Amino acid sequence: MSIQEVSHSQRSALNQAQTAVTQAEGATSAGENVEERRIILLGKLGAGKSHSGNGIIGIKDYFKSKQCWSSVTRQCEYGVSIRNGYKYRVFDTPGVNSPKRLEKEVDVDTEIRRCLFCTSPGFHALVLVLSAAERLSKEDIEMLDKLDKLLGDKAYKYMILVVTKLENDESILTDMIASSPEVSALNVKCEERRVIFGDDKKNIPNECLEKFDEVLSELIKENTKRHSTFYRHKYYDKATCILELDKKDYMKKNPEVSHSEAMEIVRNEAAVGRSPRDSELRTIADGCCVIS
């Protein structure tokens with residue numbers, strides 16, 4: 001295949017993905033009553049987060065999913081589409097254990113934290129992606145500890161474990177979990193919400209996606225009963241103070257847009273690092289947030 005043909009193919013795939021996103025974004029504004037499901041993908045580099053995200057939104061190759069450091073996710077990205085009657089808004093994040101040589105380019109903790117506290121009204125589910133192709137290492141345990149500190153204990157009420165690179169056989173997964181005390185403890189914290197995404201590098205089997213949808217629906221149902229449908233990061237309110245200024249600026253340039261639409265737009269932009277006040281968002285910490 002020629003370079004021209006590859007380039008054309010890539011452009012075609014990108015155009016198709018962008019069209020799907022545009023259609024999904026415009027569905028509710030066109031009067032369609034589509035229930036939205038907000039998801040953030042977490043996990044180590046190479047676990048299959050981007051591959052999982054592509055399957056969940058149903059757009060092949062939307063998120064980059066290559067096995068090379070030069071093309072890994074370096075900042076949060078999001079995609080949205082309508083699949084199975086729901087609007088899925090999925091945020092992909094950098095690998096929690098990004099290589100040392102990328103540390104100067106990728107501040108993983110800040111990228112994930114910013115995505116968590118900028119996205120409104122929060123997330124229905126935190127999807128932790130684990131690869132079954134490797135044994136749990138010291139690095140993996142460090143990743144779990146880091147996520148504990150980053151997310152807080154309440155996060156497990158919203159967490160689903162997605163296991164990649166494993167044939168869809170629950171008995172194999174059960175044995176693997178039993179053999180690892182750390183994963184076994186994680187499984188208990190997540191109330192055994194886990195889904196296998198198969199071992200096909202290109203596609204996630206339909207039955208796996210159906211199982212994921214079922215688990216997600218039950219999770220949303222249970223958390224709604226508890227009057228806590230969405231996971232919100234502890235700095236959510238502080239970020240909102242800053243984003244109110246973004247919203248005012250946006251509405252000055254786009255007066256035809258409603259307050260709610262403007263806030264949705266600036267939140268999505270801020271979550272992936274495109275707020276004009278990104279430097280302020282990146283330095284949010286405990287203390288007062290004052291709008292000047």
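Reader: Is Asp61 buried or exposed, and what relative accessible area does Asp61 have?

Author: Asp61 is exposed, with a relative accessible area of 55%, where buried means under 20%, exposed over 50% and partly exposed in between, with a 1.4 Å probe and protein chains only. This is a predicted model, in which local features need pLDDT of at least 70, side-chain atom pairs count only at pLDDT 80 or more, and totals for chains, interfaces and linings use all residues. Residues are numbered from 1 along each chain as its sequence is written, and side-chain values use heavy atoms, with hydrogens and water left out.

Reader: What is the phi of Asp61, and where does Asp61 lie?

Author: Although Asp61 is not a glycine, its phi is positive, at about 65 degrees, and the residue lies in the loop between helix H2 (49–57) and strand S2 (77–83). Helices (H or I, at least four residues) and strands (E, at least two) are DSSP runs, numbered from the N terminus. Lys165, also not a glycine, has a positive phi of about 60 degrees; Lys165 sits in the loop between strand S5 (159–164) and helix H5 (170–178) and is partly exposed, with a relative accessible area of 35%.

Reader: Which peptide bond is cis?

Author: The bond from Ser120 to Pro121 is cis, with omega near 5 degrees, and Pro121 is found in the loop between helix H3 (108–118) and strand S4 (125–131).

Reader: How many salt bridges does the structure hold, and which residue forms one with Arg38?

Author: A salt bridge is a side-chain nitrogen of Lys or Arg within 4 Å of a carboxyl oxygen of Asp or Glu, and the structure holds 18 of them. Arg38 forms one with Glu264, the closest N and O atoms being 2.8 Å apart. Arg38 lies in strand S1 (residues 35–43) and Glu264 in helix H9 (residues 259–271), so the pair ties together parts that are 226 residues apart in sequence. Arg38 is buried, at 4% relative accessible area, whereas Glu264 is partly exposed, at 23%.

Reader: Which residues are linked with Arg38 in a network of salt bridges?

Author: The network links Glu36, Arg38, Arg89 and Glu264. Within it, the side chains of Glu264 and Arg89 meet at 3.5 Å, N to O, and this pair links distant parts of the chain, with Glu264 in helix H9 and Arg89 in strand S3 (residues 86–92), 175 residues apart. Arg89 is buried, with a relative accessible area of 2%.
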